[in-house]
Amino acid sequence: MINVPDDKLKKWFSTACIWETVSCVLLFLVAMPIKYQFGYILPMPFAGCFHGFWFTAYLVLLAKVRKIYNFDDEDFIFFIMYSFIPFATLAVHKKISNK
């Protein structure tokens, strides 16, 4: 297994929190309206894959940084649930930026 320094993992997780939200905005507020209002489906696969990548990155990195940030079980479960709520990963980013 590759050993990554803690500060680099923190930076990656912070980036994943932000990009997960940005990808959600692109998917919900750009690609989906284009598909359902205009019947043009080309942006959907790209926006969906982009969002899927950042969603997965957020969850994988969350498991990695749990020990670094000393998240208790309650915080960890809430942060997992936040990944399923649009734009909620910004709350996680705000919480970790204070540490």
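Me: Helices here are DSSP runs of at least four residues, numbered from the N terminus. Which helices each supply at least two residues of the lining of the largest pocket?

Reply: This is a predicted model. Ile 2, Asn 3, Val 4, Leu 9 and Trp 12 are among the lining residues, and so are Thr 56, Ala 57, Val 60, Leu 61 and Lys 64. Two helices each reach at least two lining residues: H1 (6-38) and H2 (43-69).

Me: Which helix gives the most to that lining?

Reply: The largest pocket holds about 220 Å³ of space. By class, its lining has seven nonpolar, two polar and one charged residues. With five residues, the top contributor is H2.

Me: How do H2 and H3 run relative to each other, roughly parallel or roughly antiparallel?

Reply: H2 packs with H3 (residues 73-82), their axes 10 Å apart. The angle is about 170°. Angles over 145 degrees count as roughly antiparallel. Therefore H2, relative to H3, is roughly antiparallel.

Me: How many nonpolar residues are in the contact of H2 with H3?

Reply: From H2 come Tyr 58, Leu 62, Ala 63 and Arg 66. They meet Asp 73, Phe 76, Phe 79, Ile 80 and Tyr 82 of H3. Two of the contact residues are charged and none is polar; the nonpolar count is seven.

Me: What kind of aromatic pair do Trp 19 and Phe 50 form?

Reply: The structure has nine aromatic pairs. In this one, Trp 19 of H1 and Phe 50 of H2 lie 31 residues apart, so distant parts of the chain are linked. The ring centres are 5.8 Å apart. The planes stand at 85°, so the pair is edge-to-face.

Methods:
Residues numbered from 1 in each chain as written. Predicted model: local features only at pLDDT ≥ 70, side-chain atom pairs only at ≥ 80, totals over all residues. Heavy atoms only, no water. 1 Å grid on protein atoms, 1.4 Å probe; cavity = no way out; pocket = protein on both sides within 12 Å on 5 of 7 lines; lining within 4 Å. Points joined across faces, edges and corners; volume = space filled by probe spheres on them. Nonpolar A, V, L, I, M, F, W, Y, C, P; charged D, E, K, R; others polar. Axes fitted to C-alpha atoms, helices over the stretch in contact; angles between N-to-C directions. Parallel < 35°, antiparallel > 145°, perpendicular 65-115°, else oblique. Contact = heavy atoms within 4.5 Å. Phe/Tyr/Trp six-rings, centres within 6.5 Å; stacked < 30°, edge-to-face > 60°.
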